[in-house]
Amino acid sequence: MTTEKPHLAPAVTVGAVVFVLLRLLAVAHYDWHVAFALLHTLDLEDAPGLFLGTFMADSRISSALLVLVLPLTVFYAVGTKSRTAPLAVAVLVAFLVAHVLTYHRWWVPVAAVVLTVVLVLLRRWSGAVFVLRRFGWVVGAVALVVAAVVATPWVPRERVETTDGTFEAYVVETSPGFLKVLGAQERGFRILRAEDVRSRVELADH
């Protein structure tokens, strides 16, 4: 146990960097130039926001992650004496309630409960023991896979009206006098002058 602690911080840092890079590539539809432009709108400290934004931006991904991650966290809390696991479970339950109330997907909590019961009943199974002992790595691997495949950006989609017309985009950075936006469809990166923007309306993604 004690020998792994000195390596925890570097592992988390490397994981955060890889997560951010994968998110940039996925959001840019793996276009090198667009990903490079987006890179300059972010810092490593933005990783938590990117993680939560990734989780919440696409409702389909949110549903799948809640069904998977909540039971895994409950399983971890039951099988260990971790003091933080119950808090994580409480946060995930709050996410689950908000998700169901927003999207009315009642199958999500049903599936989560079923998977939780199965994991708890199989907690003595060798595969379950492996997951229990490598819980952090399992969650990290899931996060990296999601980062690599989810193309929905970590900010809300907006309808932006400018002096040249109206289009849908994601505003990835707001600087004094300028807006950096990513096209919602073609994923082109643009820098707009704030004085040319007439209105911005946030659109709900379903």
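**Helix packing and salt bridges in a predicted model**

In this predicted model, helix 4 (residues 59-79) and helix 6 (residues 107-121) have axes that come within 8 Å and cross at roughly 30°, and the crossing is right-handed.

Reader: What makes the contact of helix 4 with helix 6 nonpolar, polar or charged in its residues?

Author: The residues of this contact divide into 15 nonpolar, two polar and no charged. Among them are L66, L70 and F75 of helix 4, together with W107, L115 and V120 of helix 6.

Reader: Why is the pair D58 and R60 called a salt bridge?

Author: The side chains of D58 and R60 meet at 3.0 Å, N to O, and a salt bridge requires such atoms to be within 4 Å, so the pair qualifies.

Reader: How do you know whether D58 is buried or exposed, and which of these words applies to R60?

Author: Buried means under 20% relative accessible area, so D58, at 8%, counts as buried. Exposed means over 50%, and R60 is therefore exposed, with a relative accessible area of 59%.

Reader: What makes R200 and E158 a link between parts of the chain?

Author: Their side chains meet in a salt bridge at 2.7 Å, N to O. R200 lies in strand 5 (residues 197-203) and E158 in strand 1 (residues 157-162), so the pair ties together parts that are 42 residues apart in sequence.

Conventions:
Residues numbered from 1 in each chain as written. Predicted model: local features only at pLDDT ≥ 70, side-chain atom pairs only at ≥ 80, totals over all residues. Heavy atoms only, no water. Axes fitted to C-alpha atoms, helices over the stretch in contact; angles between N-to-C directions. Helix = DSSP H or I, 4+ residues; strand = E, 2+ residues; numbered from the N terminus. Left-handed = near helix turned anticlockwise from the far one by under 90°. Contact = heavy atoms within 4.5 Å. Nonpolar A, V, L, I, M, F, W, Y, C, P; charged D, E, K, R; others polar. Buried < 20%, exposed > 50% of the residue type's maximum accessible area, 1.4 Å probe, protein only.
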